[in-house]
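I opened the model to look up a few local features. My entries follow in the order I made them.

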Amino acid sequence: MNATECEHFKQLLLSELRRHAQHIDEDQMQALEVANDDAKESSDLALRDVIQELALKLGDRESQMVADIDQALMRMSEGSYGICIRCNQPIDQRRLEAMPTARYDAACQATIEAMKGQTAGPSL
Ligand SMILES: [Zn+2]
């Protein structure tokens, strides 16, 4: 994934974040904008601080979404974003477009869900 693609998915993640964080106050929204506007490497830390503070204010479900976004941004800063954490293959970018927090490629996701299905339900 090149820098332009990375930036594109970062923007996707940040817009997801805004969508899940509609209940935060003006100050925090502003901090988010500032952290996002500042393109310098050092801004990543500030952005993550804001996100973590945000997660504390949200309900369980929303804070889980925010945590997923936070982890995706962390993987992005480590350079492992868009790589399946199970098989280390690149995740299809169309999949990332639909689900920018995806940790698995389609094949591994299907395998994991099939395994869940086997343990949860009766075997056929
Ligand atoms: Zn995989």
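I looked up Cys 84 and found it buried, at a relative accessible area of 1%. My terms are buried for under 20% relative accessible area, exposed for over 50% and partly exposed in between, with a 1.4 Å probe and protein chains only. This is a predicted model, where local features need pLDDT of at least 70, side-chain atom pairs count only at pLDDT 80 or more, and totals for chains, interfaces and linings use all residues. Residues are numbered from 1 along each chain as its sequence is written, and side-chain values use heavy atoms, with hydrogens and water left out.

Zinc site. I asked which residues coordinate the zinc ion. They are Cys 84 (SG), Cys 87 (SG), Asp 105 (OD) and Cys 108 (SG), at 2.2 to 2.4 Å. Donors here are N, O and S atoms within 2.8 Å of the metal (3.2 Å for Na, K and Ca); water is not among the atoms, so sites may look incomplete. The angles among the 4 donor atoms run from 90 to 126 degrees, and the site is tetrahedral, a label that for four donors requires all angles to lie between 85 and 135 degrees. The donor residues follow the spacing C-x2-C-x17-D-x2-C in sequence.

Asp 105 is buried at 10% and Cys 108 is buried at 5%, whereas Cys 87 is partly exposed at 29%. I also looked for disulfides, taken as pairs of cysteine sulfur atoms within 2.5 Å, and the structure holds 0.

Asn 88. I noted a positive phi, near 65 degrees, in this residue other than glycine. Most residues other than glycine have a negative phi. Asn 88 sits in the loop between helix 4 (60-78) and helix 5 (93-98) and is exposed, at 58%. Helices are DSSP runs (H or I, at least four residues), numbered from the N terminus.

Helix 4. I recorded 19 residues and a reach of 27 Å from first C-alpha to last, close to the 27 Å expected at 1.5 Å a residue. The expected span is 1.5 Å times one less than the number of residues.

Helix 1. Which residues of helix 1 are buried? I listed Phe 9, Lys 10, Leu 13, Leu 14, Leu 17 and His 20. They lie on the same side of helix 1, because they cover an arc of only 145 degrees around the axis, taken from the directions from the helix axis to the C-beta atoms.

Conventions:
Tetrahedral: all angles 85-135°; square planar, octahedral: opposite > 155°, others 65-115°. Helix = DSSP H or I, 4+ residues; strand = E, 2+ residues; numbered from the N terminus.
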